[in-house]
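Hi,

Here is the structure I promised to send over. Have a look at it first, and my notes on what turned up follow below.

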Amino acid sequence: MNVTLLDYGAGNVRSVRNAIRKLGYSVSDVTGPEDIINAQRLIFPGVGSFGLVMNRLSQKGYIAPLQQRILENKPFLGICVALQSLYEGSEESPGVHGLGILKGQVKRFPAGVHAVPQIGWNGIKLQQPSALFNDYNDEKLYFVHSYYAADESRNAQWCLAKTDYGIEFVSAVAKGNVTAFQFHPEKSGKAGLKILENYLAGTEQQIDINTKNGQFSDKRTKIAKRIIACLDVRSNDSGDLVVTKGDQYDVRDKGEVRNLGKPVELAKRYYEEGADEITFLNITGFRDFPMKDQPMLEVLERTSENVFVPLTIGGGIREFTDSEGASYTSLDVASAYFRAGADKVSIGSDAVDTVERFLATKTKTGASSIEQISSVYGAQAVVISVDPRRVYVSSPELTSHHTIKTSFPGPEGQQYCWYQCTVKGGREGRDVDVVQLVQACEELGAGEILLNCIDRDGTNSGFDIELVRMVKDAVAIPVIASSGAGKADHFVEVFEKTPADAALAAGIFHRHEVQIEDVKDLVAGAGIEVR
Ligand code: 1PR
């Protein structure tokens, strides 16, 4: 059987395509309104902002056919913003009309309760049995969104599942053959693939109520703390693309670039071992031009064939003019990565340059990579990778930067430090501190912070708790603690002592010193929610 995909070119639909193929079905694209009416199974993966989705649908003449298909009860599966598009409108794009199948407006998550966007693995509370959830056993599923639909009595019969994130929202709707999920089944590992498989298997399926499908509970669902595996990638001296790992960013051992494995193979291993996300950092991306850096695009393409959790790619996301004088915007670069299978891009050096300009002019130009990529793909697709280094001072008055009193004094006994942002993999320090950087990036539209720490990187001495606390206090977007994990207890420590949303490690996983499963067991044993 063939599955028809509604791809309007706004983001990563490669994963949905790969997931469908993995399940043994062929995929074709909607090429005109008639395909929407005639498709055997239609999947509409909503990517981008509400306004962008509705405008693209309108430009292509797809609104009326979609409404017709739904009213005729033909198989339809919407994902993420596609669920939201079923409503009348959204606070995200005031004045833009949705499909209007369900009543009401989609709202933004309230500030101050949890990080916004919600990025990560949360549970669902099924409200009615459904063949789509046959063999579903309460596994957490992957969500990434800042806006939500509330359950309202005027949409009675539609609510299939609810989830809590500060407030309770509708995480799945269904009526007859029409279904939409706020979560991403194609990014939700094996549990998500099973749900997708059930949709593709068709409406004739019997509902199996022997699993969680038949048991409805009002227990609150909880977002999990994410455990992320990071692969620092670069070419070694023989020109092979390898996963490497530095000690405080120095990746050479006896003059040679350390080689800890092949990127695609390692990513697959971490997916199978339970990583909640995989991050690739092209650590020499500041030197090379990524549009010519086909190996990284190929790494993503090949990885996304077998890895069904979110993928982030960083390194070299910036505007660029090549030797022939052709210019590429950072949006061109990011778009190439999204098309190759990335869900998020991570911006390092270019974010520091942008913030320097922003602090000097206090003006948003709309031209920075952060603003451009965020406005097209949404804030949740833009991660800022920060490479800070401690600068010790004996008193806060000696600097204009945001300082902390530290429990780890400097070499001359200095009791205070600030965190200086660096570019080009720590090679160059700038007069911007980490608080200035993350706050400005959040204001410009970034959706998440990947918080490295040069002092801790590769040291196995634990995350820099003081740094993580400082950054979490400064922003409302999710923060990933990174650098320094040396044992599973370090993950428990960072989650107990800070409100970090995720923790990332590299060396201990690459060297097989700690298994992801052991980390999860220990963190769960400490009463912290994990997948
Ligand atoms: O500046 O936008 O081109 O992006 C370059 C990216 O490459 C940045 O995200 C930067 O962090 C990264 N990078 C550059 N040079 C290095 C290096 O190591 N020489 N790696 C580098 C940064 C930090 C983490 C690492 C954690 C965990 N690596 O990704 O994986 O520190 O390590 P651990 O668990 O082993 O302690 P741009």
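The centres of domain 1 and domain 2, taken over C-alpha atoms, are 30 Å apart. Please keep in mind that this is a predicted model. Domain 1 covers residues 2-214, and domain 2 runs over 226-525.

Where the two domains meet, 23 residues of domain 1 are in contact with 24 residues of domain 2. On the domain 1 side, two or more residues each come from helix 1 (14-22), strand 7 (118-122), strand 9 (141-145) and helix 6 (189-201). Helix 1 gives the largest share of that side, with 4 residues. By class, the side of domain 1 that touches domain 2 holds 10 nonpolar and 10 polar residues, along with 3 charged ones.

Next, the ligand. It has 32 residues around it, and Gly348, Ser349, Ser385, Gly425 and Gly507 come nearest. Strand 14 (226-235), strand 22 (344-347) and helix 10 (349-361) are the elements that give two or more residues to this shell. The shell is made up of 16 polar, 11 nonpolar and 5 charged residues.

Ala172 stands opposite Phe181 of strand 13.

Best wishes

Technical notes:
Residues are numbered from 1 along each chain as its sequence is written. This is a predicted model: local features need pLDDT of at least 70, side-chain atom pairs count only at pLDDT 80 or more; totals for chains, interfaces and linings use all residues. Domain bounds come from an automatic or database domain assignment. Two residues are in contact if their C-beta atoms, placed from the backbone, lie within 7 Å. Ala, Val, Leu, Ile, Met, Phe, Trp, Tyr, Cys and Pro count as nonpolar, Asp, Glu, Lys and Arg as charged, and the others, Gly among them, as polar. A residue is near a molecule or strand if its C-beta atom, placed from the backbone, lies within 6 Å of it. Two strands pair if DSSP finds at least two bridges between them.
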